[in-house]
Amino acid sequence: MTEMLARDVEAVHRALDAGGDEVQVSLSRQTAELLALVVDARARGQQVLVTRGHAEVTPSEAAELLGMSRPQVRKLMDQGVLDFRKVGAHHRIRVSSIRAFLDAERPRRRAALEDLADLQDELGLTE
């Protein structure tokens, strides 16, 4: 797979070097599927974060990624929910820890939304 990715990277760079507003390039299916995921997310207005293996972010950056306030991120750090390390006086949170938190929260949030929908139905608040 590494060889295929290297070939795709070279093809993309050659096509971009040609200039112009549009680019035509031939890619492997795996690379095209990966690019489709990125483009689909951006088209839906979602953020796309590409990181290396053990990338770290500041609490403010983590707050932006999580869609919450920096003080709430600090609470999660203090509770041990988000793994972090200190670099001097500064805190760094692994992106993998943020991903694990989001994956763990997804079922809880889904259940809470279902409960809210049931309550709305019960109270006659839905059409």
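In the predicted model, helix 3 is followed by Gly 67, a residue whose phi is positive, near 70°. The helix itself spans residues 59–66, and its buried residues are Pro 59, Ala 62, Ala 63 and Leu 66. Viewed down the axis of helix 3, these buried residues fall within an arc of 105°, so they line one face of the helix. The elements against which the buried residues of helix 3 pack are strand 1 (56–57), helix 4 (70–78), strand 3 (90–94) and helix 5 (95–123).

Two packed helices are described by the angle between their axes and the distance between the axes. For helix 3 and helix 5, the angle is about 30° and the axes lie 11 Å apart. Because angles under 35 degrees count as roughly parallel, helix 3 and helix 5 are roughly parallel to each other. Their crossing is right-handed. On the side of helix 3, the contact is made by Ala 62, Leu 65 and Leu 66, and on the side of helix 5 by Ile 98, Phe 101 and Leu 102. By residue class, the contact of helix 3 with helix 5 comprises six nonpolar residues, no polar and no charged ones. Ala 62 and Leu 66, which take part in this contact, also belong to the buried residues of helix 3.

Elsewhere in the chain, Ala 43 lies in helix 2, which covers residues 29–43. Ala 43 has a relative accessible area of 68% and is therefore exposed, the cut-off for this class being over 50%. Ala 43 and Glu 10 are 33 residues apart along the chain, and their C-alpha atoms are separated by 26 Å.

How values were computed
Residues numbered from 1 in each chain as written. Predicted model: local features only at pLDDT ≥ 70, side-chain atom pairs only at ≥ 80, totals over all residues. Heavy atoms only, no water. Buried < 20%, exposed > 50% of the residue type's maximum accessible area, 1.4 Å probe, protein only. Helix = DSSP H or I, 4+ residues; strand = E, 2+ residues; numbered from the N terminus. Arc of directions from axis to C-beta. Contact = heavy atoms within 4.5 Å. Axes fitted to C-alpha atoms, helices over the stretch in contact; angles between N-to-C directions. Parallel < 35°, antiparallel > 145°, perpendicular 65-115°, else oblique. Left-handed = near helix turned anticlockwise from the far one by under 90°. Nonpolar A, V, L, I, M, F, W, Y, C, P; charged D, E, K, R; others polar.
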